[in-house]
Amino acid sequence: QFPNSLMFSEVDEPESVPAVNQLILQESVGDSDEIVTLVPLASMLLVFQRRHIYKLQYVAQPVIDASVLLSAYRGILSQDCCDVMGGVAFAADSHGMYAFDGSSLDPISVPVANYWRDQIIDFTKSQRFFVKCDDSEMVARFFFCDSSSTSPDRALCYSVTTKAWWLEEYGISVRSSGNK
């Protein structure tokens with residue numbers, strides 16, 4: 001109903017969502033951002049907009065003790081452009097890829113910034129993009145399209161261990177299986 005409202009149900013009543021059970025993200029005058037996705041991280045819920053990240057935390061009852069704080073001036077491209085590995089959220093927005101642990105943000109894609117800057121990534125297809133982390137390899141992959149593809153058939157890969165980047169190309173389109 002509202003692009004920056006979070007509705008929640010009564011305890012043990014998932015079908016019961018009264019109008020008072022609504023948390024509204026503080027909106028900045030002159031910036032019409034909207035919620036894109038929610039990502040659980042440790043004891044908080046990250047609320048991603050296109051250009052902002054908020055942290056939502058509560059103790060017992062959100063309607064009474066919820067805390068919603070602006071955490072970073074970065075956002076997300078689509079609902080699948082974030083995955084969590086080792087207590088860190090890896091996300092991609094229109095400025096690059098970054099790691100966010102709930103308190104600090106690390107812009108990890110600086111070495112491959114030319115993909116964003118030189119328009120190698122076709123952002124008109126960003127709804128198909130996704131991020132997927134591989135815990136066994138400690139690698140975060142950002143699957144994207146370039147101007148010659150209609151669905152993601154390549155991925156920028158980041159090794160958390162070595163901090164190295166490489167490009168993987170696939171013979172077929174790769175689709176997200178849904179991170180959430």
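So, let's start with this: does Arg141 count as buried or exposed? At 13% relative accessibility, Arg141 comes out as buried, because the cut-off for buried is under 20%. Bear in mind that we're looking at a predicted model.

Okay, who does Arg141 pair with? One partner is Glu168, with the closest N and O atoms 3.0 Å apart in a salt bridge. Glu137 is partly exposed, at 43% relative accessibility.

There's a network to point out as well: Asp146, Asp153, Arg154 and Glu169 are joined into one by salt bridges that share partners.

In total, the structure has 10 salt bridges. Another of them is Arg51 with Asp33, at 3.9 Å, N to O. Here it's loops: Arg51 is in the one between β4 (44–49) and β5 (53–57), and Asp33 is in the one between β2 and β3 (35–41), so the pair links parts 18 residues apart in sequence. Asp33 counts as buried at 6% relative accessibility, while Arg51 is partly exposed at 38%.

Last stop, the surface. Glu10, Asp12, Glu13 and Glu15 come together there as a patch of negative charge. Take Glu13: you'll find this residue in the loop between β1 (5–7) and β2 (22–24), and its relative accessibility of 36% makes it partly exposed.

Key:
Residues numbered from 1 in each chain as written. Predicted model: local features only at pLDDT ≥ 70, side-chain atom pairs only at ≥ 80, totals over all residues. Heavy atoms only, no water. Patch = residues over 30% accessible without salt bridge, like charges linked within 9 Å, V, L, I, M, F, W, Y side chains within 5 Å. Areas by Shrake-Rupley, 256 points an atom, 1.4 Å probe, with all protein chains shown as cover. Salt bridge = Lys/Arg side-chain N within 4 Å of Asp/Glu carboxyl O. Lys, Arg positive; Asp, Glu negative; His and termini not counted. Charge placed at Lys NZ, Arg CZ, Asp CG, Glu CD. Helix = DSSP H or I, 4+ residues; strand = E, 2+ residues; numbered from the N terminus. Buried < 20%, exposed > 50% of the residue type's maximum accessible area, 1.4 Å probe, protein only.
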